[in-house]
Amino acid sequence: MAKQAVGGGVGASESARSSPGLGSRVSELMLRQREASIFLVAIALAVYFQSSNSAFLSSGNIRSLSEFTYATAIISTGLVMLLICGEIDLSVGQAYGFAPIAMYLADQTLVLPVAIVVGLLATAVIGLINGVATVYLRVPSFIATLGMFFFLGGVNVILTDGFPKTAPSGSFLTEILGGADWSGIAWCLVIVLFMHILLNRTRWGLHTFATGGNPVGASEAGVKTARIKVGNFMLCSALGGFAGLLDALRIGSIDPLAGGPNIMFFAVSAAVIGGTALAGGTGTVIGAFLGTVVLSIMQNGFSLQGVSAYTFNVILGIAILTAMTLNVYVGSLRRSGRG
Amino acid sequence: MAQNRQEDDAAVAPEALRAEGIVKRFGALTALSGVDLHLQQGEVLGLIGDNGAGKSTLIKTITGFHRPDEGQMYVDGKPVTLRSVAQARALGIETVFQDLALISELSVYHNMFLNSELTLKPFPLLNNRKMKERAKQYIDDMGVNIPSIDTQVGRLSGGQRQAIAVARSVYSDARILLLDEPLAAMGAKEGAMILDLVQKLKNEGRVSIILIAHNYSHVFEVCDRVNLLQHGRISYDKPTSESSVEELTELVVAEYRKARTTS
């Protein structure tokens with residue numbers, strides 16, 4: 001027992017090869033530790049930035065940290081579901097921009113609550129199209145959603161004539177949905193908890209793992225893999241749209257160029273750093289959330305220090321490569337453990 | 001002739017399953033060209049045939065995975081048209097596929113309850129505690145030795161995985177069980193364990209079984225009757241007591257020689 005827990009590094013990989021099962025036990029331990037280790041990284045980064053600039057943990061900066069975090073974190077929880085299925089949505093950043101625009105247009109003729117629902121439904125339809133293209137037309141999701149990425153990016157600009165619009169404000173609903181301080185991160189935490197339960201405690205989540213882990217086997221067992229995938233595309237897109245709504249109502253402006261590739265790649269990075277395998281079959285919502293927190297702390301901390309965005313990108317690149325290498329390493333440990 | 005056979009069978013035991021004239025094509029390829037097959041209540045039927053004879057296609061058609069292009073199936077004497085695996089399951093038809101349909105990343109108990117999960121009604125949350133309890137009981141009943149019910153299936157040996165797959169089917173209230181070459185990738189000891197299990201199920205009489213096998217001697221060990229599938233048709237149907245490994249081998253070899261001389 002102690003041997004398994006302690007034996008890291010070379011010793012662990014050797015014994016993994018000699019005795020089947022141990023390798024995957026080690027990899028499981030590492031995956032479970034992944035969440036804990038990212039948490040520790042977040043703490044260490046916070047301590048470091050606080051020591052170099054006492055403004056880091058001021059209430060004002062913590063609020064802006066939360067504002068850096070929540071939208072990306074909400075998107076990354078949706079992406080985790082898709083990545084576990086073995087799919088990806090590159091257009092989710094455009095759904096983030098599209099939902100507020102659809103809401104804005106609907107708000108011209110309908111009441112606000114209905115307009116908000118319209119915005120969310122519009123993004124769910126985007127997810128439905130992505131899902132149908134991937135599952136039924138058999139276009140790889142990387143390509144299908146790349147097409148949707150360009151299409152929706154253009155639609156967002158056309159629908160607004162390229163000019164930012166003023167977002168509805170001043171009502172109870174707009175305050176709850178992003179307007180009030182801390183409302184964004186509150187929604188984020190509720191969604192993270194909900195998605196964590198959905199993934200780990202419901203049939204939908206179990207079937208999501210099954211769909212990504214062994215698509216043929218899952219469908220032979222009667223799992224409706226097509227429905228699972230399409231549903232997760234819709235969920236991911238709608239979560240992207242919801243994140244966009246929260247941001248638009250917080251900022252008070254609907255920007256046709258909001259979101260896009262930046263927030264999508266951050267969300268993918270967060271999921272990957274959080275231990276989700278791009279090949280499907282494994283992943284955690286909590287890991288993706290913590291991954292976003294780490295990215296936000298780095299981005300915010302470095303900008304407080306006056307480090308340029310380019311330096312931040314270099315560090316982000318190294319972080320992703322390290323995380324991916326670790327994923328591959330863990331994956332090969334598991335395979336050797338299968339023996 | 002078919003009418004007579006049906007009447008004879010009715011006198012012995014009611015029919016669990018009957019397939020008549022099942023045809024399945026994949027594009028230009030005809031995998032099944034009119035399969036007639038029947039399975040009595042509580043019977044163990046051995047289905048043998050060489051590679052490419054259509055065994056797996058037949059199994060997947062009976063379990064609703066493929067839809068036949070022609071033909072009619074009957075369950076308990078009633079005509080049925082299977083549209084999905086779920087519908088076949090609802091009728092009590094369960095399969096252990098050759099590739100086992102197990103998910104390596106999931107635990108033993110989640111695999112055992114895959115797609116028939118227990119939930120904490122009225123909440124849509126998984127009842128993991130109850131699934132663990134039951135899965136453990138099933139595994140113990142079968143005498144399968146695994147490290148723990150929480151173990152990821154990917155960590156188990158081939159035989160253990162097979163046993164999990166069989167246990168999953170047996171304990172999901174199956175009345176008609178199809179075992180697609182359950183002994184294919186198994187050591188002698190684990191193979192014997194599975195054959196014992198089939199024997200046990202047969203003695204209990206609670207399921208009717210179609211055992212697809214490559215190895216003829218396995219069929220004669222546990223089956224009541226043997227069917228030979230050749231070129232998408234059942235070409236031979238006899239009780240095992242009136243047949244022998246030698247006779248079947250001869251038939252298959254003769255068929256091979258004939259095919260070779262005509263081609």
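B:Leu229 stands opposite B:Ile234 in E10(B). In this predicted model, strand E9 (residues 225-230) and strand E10 (residues 233-239) of chain B are antiparallel and share six bridges; strands count as paired if DSSP finds at least two bridges between them. Helices (H or I, at least four residues) and strands (E, at least two) are DSSP runs, numbered from the N terminus.

Local features need pLDDT of at least 70 and side-chain atom pairs count only at pLDDT 80 or more, while totals for chains, interfaces and linings use all residues. Residues are numbered from 1 along each chain as its sequence is written, chains are lettered from A and ligands numbered from 1 in the order in which they are written, and side-chain values use heavy atoms, with hydrogens and water left out.

**Strand E9 and B:Arg225**

- Two residues lie between E9(B) and E10(B) in their hairpin, and B:His231 in the turn has a positive phi of about 50°.
- B:Arg225 belongs to strand E9 of chain B.
- With a relative accessibility of 9%, B:Arg225 counts as buried (buried means under 20% relative accessible area, exposed over 50%, partly exposed in between; 1.4 Å probe, protein chains only).
- The side chains of B:Arg225 and B:Asp237 make a polar contact of 2.8 Å. Such a contact is a pair of N or O atoms within 3.5 Å; within protein, one must be able to donate a hydrogen and the other to accept it, and residues adjacent in sequence count only if both atoms are side-chain atoms.
- Leaving aside residues up to four places away in sequence, B:Arg225 touches residues including B:His38, B:Leu39, B:Glu43, B:Val44, B:Lys238 and B:Pro239 (contact means heavy atoms within 4.5 Å).

**Strand E1 and its partners**

- Strand E1 (residues 15-26) of chain B pairs with strand E2 (residues 29-40) of chain B in the antiparallel sense, over nine bridges.
- B:Arg25 has B:Thr30 as its bridge partner in E2(B).
- The hairpin of E1(B) and E2(B) has two residues between the strands, and B:Gly27 takes a positive phi near 60°.
- E1(B) also runs antiparallel to strand E4 (residues 70-75) of chain B, joined by five bridges. Here B:Leu17 is partnered by B:Val75.

**Chain B overall**

- Chain B has nine helices and 10 strands.
- Of its 263 residues, 51% are buried.
- Among contacts in chain B with a separation of 6 or more, 63% are between residues 24 or more positions apart.

**Interface of chain B and chain A**

- Chain B contributes 27 residues to the contact and chain A contributes 28 residues.
- About 2,300 Å² is buried between the chains, 55% of it from carbon and sulfur atoms. Buried area is the accessible area (1.4 Å probe) that two parts lose on being put together, summed over both.
- The rule finds two salt bridges across the interface, a salt bridge being a side-chain nitrogen of Lys or Arg within 4 Å of a carboxyl oxygen of Asp or Glu.
- B:Glu117 forms a salt bridge with A:Arg203, with the closest N and O atoms 2.6 Å apart.
- Helix H3 (residues 85-90) of chain B supplies three residues, the largest share of the side of chain B that touches chain A.

**Helix H10 of chain A**

- Helix H10 (residues 203-213) of chain A is largely enclosed by the rest of the structure, because eight of its 11 residues are buried.
- Among the buried residues of H10(A) are A:Leu206, A:His207 and A:Phe209.
- The buried residues of H10(A) pack against helices H4 (59-84), H9 (183-201), H11 (215-220) and H12 (225-251) of chain A, together with helix H4 (108-112) of chain B.
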